[in-house]
Amino acid sequence: WGLVMDQQGFSYVIDTMAHEVKRFGKGDRMGVVVAGGHGLGSALNQLNHPTSLFVDSRNNLLISDKNNHRGMKWSSDWYG
């Protein structure tokens, strides 16, 4: 659903079926989970059908979590 690139050239991709966001570096085929990744749910470490994504100037992720009716901020301090 969503794809965005940060200032360092990393790409962030939403996987709505896995309820997670992955970060990919140049040439990276597997990616690293940087948001969600703990299954479907409403806990603060889970997403439920993420649909939109924005990366701010500090590489924090702002995610529209559709079925939880919320916006989530995932700090770049958490995922590196």
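**Ground rules.** I number residues from 1 along each chain as its sequence is written, and side-chain values use heavy atoms, with hydrogens and water left out. Because the model is predicted, local features need pLDDT of at least 70 and side-chain atom pairs count only at pLDDT 80 or more, while totals for chains, interfaces and linings use all residues.

**Sheet.** I looked up an open sheet of three strands, ordered S5-S6-S7 with antiparallel pairing. Strands are DSSP runs of E, at least two residues, numbered from the N terminus; two of them pair if DSSP finds at least two bridges between them. S5 and S7 are the edges, each with a single partner strand, so one side of each lacks a neighbour in the sheet. The twist from one strand to the next averages 20 degrees. I found five bridges between S6 and S7. Leucine 61 has tryptophan 74 in S7 as its bridge partner.

**Core.** I then checked the largest nonpolar core, which has 13 residues. Such a core is a set of buried Ala, Val, Leu, Ile, Met, Phe, Trp, Tyr and Cys residues joined through side-chain atoms within 4.5 Å. Those with the most contacts inside it include Leu61 and Ile63.

**Aspartate 65.** I placed this residue in strand S6.

Note on methods
Buried < 20%, exposed > 50% of the residue type's maximum accessible area, 1.4 Å probe, protein only. Helix = DSSP H or I, 4+ residues; strand = E, 2+ residues; numbered from the N terminus. Axes fitted to C-alpha atoms, helices over the stretch in contact; angles between N-to-C directions.
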